[in-house]
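Here are my notes for your first look at this structure. Keep the model open beside them and check each point as you read.

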Amino acid sequence: MIPRRTLSLALCAAASLLAAHAASAQPAEGGLPYRTAFEVKPDPALAAKVPQRYRQAGTLAVATNPNTPPTVYITEDNRTLAGREIDVMSAVAHRLGLEPRWVNAGSFGNIVPGLSSGRYDAALANLSVTPDRLKQVDFVSYFDNNRLGLVRAKDGFDGKPATDLMSLCGETIGAGSGTTNAEVVLRQSEACVAAGRKPITVPLFPGRPAGVQAVLSGRIPGFVGPYEGLVYMVSASQDRLALAGIFTVPGDFVGIGLQKDSPLTPVVAEALNSLIQDGTYSAILKKWDLDYGALPEARQNGAILEAPRKAASGG
């Protein structure tokens, strides 16, 4: 087994490599420092649409949960943020003539309540757009998280990743508590039973690092989570983990969370669409090897869930 500290050090080392080519940005007052390699100029026409109170402040309070590289993480100095979320929202804010004031929400579970209470103006943390969340907050879509990964301990793995969720029937497979990934595995368990097979036992963990650590310690044989994050953790595991499954799932759209009925929602969508049109958005996703989830356009709220979805790979 690989000790928790060893895994943490390995992840930090891999994060350092990713951050090496990024430029540092001066944080807004009271915000965390961040790194981005993308310089985006303001669009005066879009900036003029920003509500007056935000224009006067010049900043947006943006929450994140920086423990899931490569989407968002803390770099080698234990302070500076980097990742897809940082690049995307920094580009959106700069296009609007604003500066993001990045805030560590402390946990994934704090993000939606923080938006609802007005503590944050926006949030990016691989936040899936769901009907329940849309009752509490607004969303602007920026990623189609249509792949799930499965990790197992490298020892004993035959080297051929599974692609059909039905292959998990009768197993114990961990997932993150409160995530859409867990919902996928639980629905698959029902499909297993309907097909006359054994259900999947699904222990839940407070986050991806805890679930992966449970695999490394032998507590569970496998853990399902976002493909990109698990690929990253496999690469940082000192050859102790294997990517044992790659599953295509119906489009699980990831969005920028905003306060419910926020006047920022339409202008953020316009800014993101301008980044899609000029190629900045595509360049950001390619930088992180996440271009498989690129969207042709940014949608708002209920229109996100009406977008075409890819078929699942099993069940």
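1. Is the link of Cys169 and Cys192 left-handed or right-handed? This is a predicted model, and in it the angle about the S-S bond is -85°, so the link is left-handed. The sulfur atoms of Cys169 and Cys192 are 2.0 Å apart. A search of the whole structure finds 1 disulfide.

2. Now place the two cysteines. Cys169 sits in the loop between strand S10 (147-153) and strand S11 (173-176). Cys192 belongs to helix H7 (residues 180-194). The pair therefore ties together parts that lie 23 residues apart in sequence.

3. Next, the sheet that contains S10 and S11. Its 5 strands run in the order S12-S11-S13-S10-S14. The sheet is open, with mixed pairing. Strand S12 (204-205) and strand S14 (241-248) are at the edges. Each has a single partner strand, so one side of each has no neighbour in the sheet. S11 and S12 run parallel, joined by 2 bridges. Look for Ala175: its bridge partner in S12 is Leu204.

4. Helix H8 (residues 208-216) touches S10, S12, strand S13 (222-226) and S14. The direction of H8 makes about 155° with that of S13. Helix H9 (residues 227-235) touches S10, S13 and S14. For H9, the angle with S13 is about 125°.

5. Another open sheet has 5 strands in the order S7-S3-S8-S15-S9, again with mixed pairing. Its edge strands are S7 (99-104) and S9 (137-144), and each pairs on one side only. Strand S3 (residues 59-64) pairs with S7 in the parallel sense, over 6 bridges. Ala63 stands opposite Val103 in S7. Helix H10 packs on this sheet and touches S3, S9 and strand S15 (253-259). The direction of H10 makes about 15° with that of S9.

6. How do H4 and H10 cross? The axes of helix H4 (residues 84-95) and helix H10 (residues 264-278) come within 9 Å and cross at roughly 105°. That makes H4 roughly perpendicular to H10. On the H4 side, Val88, Ala91, Val92 and Arg95 take part. They meet Val268, Ala271, Leu272, Ser274, Leu275 and Asp278 in H10. By class, this contact has 7 nonpolar, 1 polar and 2 charged residues.

7. Last, a word on confidence. The chain averages a pLDDT of 89, and 89% of the residues score at least 70. Over residues 1-22 the pLDDT is below 50. Beyond near neighbours in sequence, that stretch has 41 contacts in the model.

How values were computed:
Residues numbered from 1 in each chain as written. Predicted model: local features only at pLDDT ≥ 70, side-chain atom pairs only at ≥ 80, totals over all residues. Heavy atoms only, no water. pLDDT = per-residue confidence, 0-100. Contact = heavy atoms within 4.5 Å. Axes fitted to C-alpha atoms, helices over the stretch in contact; angles between N-to-C directions. Helix = DSSP H or I, 4+ residues; strand = E, 2+ residues; numbered from the N terminus. Parallel < 35°, antiparallel > 145°, perpendicular 65-115°, else oblique. Nonpolar A, V, L, I, M, F, W, Y, C, P; charged D, E, K, R; others polar. Pairing = 2+ DSSP bridges. Disulfide = S-S within 2.5 Å.
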